[in-house]
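Good morning. I will take a few minutes to go through one model, and I will keep to what can be computed from its atoms.

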Amino acid sequence: MGYGVVVVHRARLLPRLVLVGGIMLVSFGITGAVVWFTVLGAADDVRDAQDATRFTVPAPGATDPVSVPQGWPEALAPPEGATVISSVATNAGTPDEQLVLVYEVARDGPVAADALRAQLEAAGLTITSDAVGPEGSGSLTAAGAGREASVAVAPTAARPGVTTLSWVLRPGLR
């Protein structure tokens with residue numbers, strides 16, 4: 001009788017193990033497919049977003065070029081040939097005033113950073129922090145002449161020889 005119980009038990013156990021194994025196999029397959037398509041889909045979406053934002057083009061019918069924000073000091077004007085991408089002036093004439101300017105220059109990062117340093121010093125600002133690396137990427141801060149400037153310098157990987165400069169200019173500490 002003892003042997004018969006084991007045989008009956010094996011007879012019941014084997015189909016259940018096969019069933020559980022099959023369910024697990026289907027579950028792993030479905031989970032793997034969901035993860036696979038989610039990861040690949042997200043990677044494609046990121047790639048599509050990068051392609052869509054890599055180059056800015058004017059909207060159809062746009063005729064006015066973007067210029068420096070009102071109140072931007074002439075001594076800190078973008079160099080000749082620069083393309084202004086964006087500019088904003090907030091709280092003009094108040095202690096909370098901020099002028100934001102983003103432009104591109106047709107220069108390598110290190111050359112653009114050197115020109116920026118010279119421009120800041122010629123405008124009477126003293127560089128207080130210089131975190132621009134030898135590849136020309138990083139940030140500078142400067143203060144003087146009643147203003148503080150923070151500038152991010154970023155060579156454009158998609159377009160060698162083009163560097164983006166992003167400025168925030170505000171009244172200096174009083």
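First, the conventions. This is a predicted model, in which local features need pLDDT of at least 70 and side-chain atom pairs count only at pLDDT 80 or more, while totals for chains, interfaces and linings use all residues. Residues are numbered from 1 along each chain as its sequence is written, and side-chain values use heavy atoms, with hydrogens and water left out.

The protein has two helices and six strands. Here helices (H or I, at least four residues) and strands (E, at least two) are DSSP runs, numbered from the N terminus. Read from the N terminus, the order of elements is α-β-β-α-β-β-β-β.

The accessible surface comes to about 11600 Å², and 63% of that belongs to carbon and sulfur atoms. Areas are from the Shrake-Rupley method with a 1.4 Å probe, and for residues only the protein chains shown count as cover. Of the 174 residues, 22% are buried. Buried means under 20% relative accessible area, exposed means over 50%, and partly exposed is in between, with a 1.4 Å probe and protein chains only. As for contacts, meaning heavy atoms within 4.5 Å: among those between residues at least 6 apart in sequence, 43% join residues at least 24 apart.

Now helix 2. This helix covers residues 109–122, 14 residues, and reaches 20 Å from its first C-alpha to its last, close to the 20 Å expected at 1.5 Å a residue. The expected span is 1.5 Å times one less than the number of residues. Its buried residues are Gly109, Ala112, Ala113, Leu116, Arg117, Gln119 and Leu120. Seen down the helix axis, they fall within an arc of 165°, so they line one face of helix 2. That arc is taken over the directions from the helix axis to the C-beta atoms. In general, an α-helix has 3.6 residues a turn, so residues three or four places apart point the same way.

What covers that buried side? The cover includes strand 2 (98–105), strand 3 (126–130), strand 4 (138–144), strand 5 (147–155) and strand 6 (163–171). The face of helix 2 turned away from the buried side carries the exposed residues Glu121 and Ala122. Just after the helix, Gly124 takes a positive phi of about 90°.

Next, charges. Side chains of opposite charge can pair when their charged atoms come close. The rule I use for a salt bridge is a side-chain nitrogen of Lys or Arg within 4 Å of a carboxyl oxygen of Asp or Glu. By this rule there are five salt bridges.

Three of the residues involved, Asp114, Arg117 and Asp130, are linked in a network. Arg117 pairs with Asp114, with the closest N and O atoms 2.7 Å apart. Both of these lie in helix 2, three residues apart, about one turn of the helix. Asp114 is partly exposed, at 48% relative accessible area. Arg117 also pairs with Asp130, at 2.6 Å, N to O. That pair links distant parts of the chain, with Asp130 in strand 3 and Arg117 in helix 2, 13 residues apart. Asp130 counts as partly exposed, at 39% relative accessibility.

Another salt bridge joins Arg147 and Glu97, at 3.8 Å, N to O. Arg147 is in strand 5 and Glu97 is in the loop between strand 1 (83–90) and strand 2, so the pair ties together parts 50 residues apart in sequence.

Is Glu97 buried or exposed? Glu97 is buried, with a relative accessible area of 11%. Leaving aside neighbours within four places in sequence, its contacts include Thr90, Leu169 and Pro171, as well as Arg147.

Pro171 is in strand 6 and is also buried, at 12% relative accessible area. With neighbours within four places set aside, Pro171 is in contact with Thr94, Pro95, Glu97, Gly146, Arg147 and Glu148. From Pro171 to Glu148 is 23 residues in sequence and 6.0 Å in space, C-alpha to C-alpha.

Last, the surface patch. Val20, Met24 and Phe28 form a nonpolar patch with about 320 Å² of accessible area together. Patches are made of residues with over 30% relative accessible area and no salt bridge, with like charges joined within 9 Å and nonpolar side chains (Val, Leu, Ile, Met, Phe, Trp, Tyr) within 5 Å. Phe28 is found in helix 1 (residues 2–54) and counts as exposed, at 58% relative accessibility.
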